[in-house]
Amino acid sequence: MDLTRASLLREMLSGTELGSRTTQFGYALRRFTTRRSGLMLFGPVDDEPWHLTAHLDDELHRAGVEDLRPSLVRWNPAPDAPPHLAIGLDRLRDAGRGESLLVVAEDTPADTLLERISDVRRRGTTIFSIGNGDKELTSLSHETLVPELLVPDGFGWTTREIEQTTVVDEGFETAQHLVSLAAADEEAGRAGWRRRLRNAIERLGGEPG
């Protein structure tokens, strides 16, 4: 899905639960990542979130939000990988307050993934997740987005014909497009909502162990 179609889809979904939740989620990513280069993306070893990382990077760069451009944390980067694809698990050990870890796991996460997330959370990093509602991942996350609760499983979102091309996108991917647009949108937040979310995250997170 290109930028024009994604933007149109976001506009058409404004006011729906999917539109509202993805906007809130994307804005929270921006609000709670206060350290430069502090936004990290992470996922299962066999399904690293390349797609969302690329979209977030493109949208944030286009919006001029250079401090928030994301890093993809990889389980086993190749020794000769270019710098932006060579960020390994050591990055998680350096994570701390003012940073955010966005976990993308469409399937039930393995214990090894959950253990890494738990370690990062204990160091004060804010945990966001896009998943399938897994209880353990949800319990580790300060903010969770479950696309299948917003879009029926297997249902293709059809918006309308644009230049004789019908836009159809599956729910999990749709949510990621909407999150990336919201994270780059300075007007996505609302003062009252921001205050409520911050208070909720502080209550859920408590002091790191």
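## Before you start

Because the model is predicted, local features need pLDDT of at least 70 and side-chain atom pairs count only at pLDDT 80 or more, while totals for chains, interfaces and linings use all residues. Residues are numbered from 1 along each chain as its sequence is written, and side-chain values use heavy atoms, with hydrogens and water left out.

Helices (H or I, at least four residues) and strands (E, at least two) are DSSP runs numbered from the N terminus. A residue is buried under 20% relative accessible area, exposed over 50% and partly exposed in between, using a 1.4 Å probe and protein chains only.

## The nonpolar cores

A nonpolar core is a set of buried Ala, Val, Leu, Ile, Met, Phe, Trp, Tyr and Cys residues joined through side-chain atoms within 4.5 Å. The largest one here has 26 residues, and Phe25, Leu102 and Ile130 have the most contacts inside it. At least two residues each come from helix 2, strand 1 (39-42), helix 3, strand 3 (100-105), strand 4 and helix 8 (171-183).

Leaving out residues up to four places away in sequence, Ile130 touches (heavy atoms within 4.5 Å) residues including Phe25, Leu102, Leu145, Phe172 and Val179.

## An aromatic pair

Rings of Phe, Tyr and Trp (its six-membered ring) pair if their centres lie within 6.5 Å; planes under 30 degrees apart are stacked, over 60 edge-to-face, and the rest tilted. The model has two aromatic pairs by this rule. In one of them, the ring centres of Phe25 and Phe128 are 5.6 Å apart and the planes stand at 80°, so the pair is edge-to-face. Phe25 belongs to helix 2 (residues 17-32) and Phe128 to strand 4 (residues 126-131), so the pair ties together parts 103 residues apart in sequence. Both Phe25 and Phe128 are buried.

Helix 3 (residues 50-62) includes Thr53, which counts as buried because its relative accessibility is 10%. Beyond residues up to four places away in sequence, Thr53 touches Leu41, Pro70 and Leu72. The buried residues of helix 3 are Leu52, Thr53, His55, Leu56, Glu59 and Leu60. These cover an arc of only 165° around the axis (taken from the directions from the helix axis to the C-beta atoms), which puts them on the same side of helix 3. Just after helix 3, Gly64 takes a positive phi of about 75°.

In helix 5, Leu113, Leu114, Ile117, Ser118, Val120 and Arg121 are buried. Viewed down the axis of helix 5, they fall within an arc of 165°, so they line one face. Asp111 and Glu115, on the other side of helix 5, are exposed. Just after helix 5 comes Gly124, with a positive phi of about 95°.

## Two loop residues

Ser37 sits in the loop between helix 2 and strand 1. Its phi is near 60°, a positive value in a residue other than glycine. Most residues other than glycine have a negative phi. Ser37 counts as partly exposed because its relative accessibility is 35%.

Pro77 is in the loop between strand 2 (71-72) and helix 4 (90-93). Pro77 and Ile87 are ten residues apart in sequence and 6.9 Å apart in space, C-alpha to C-alpha.
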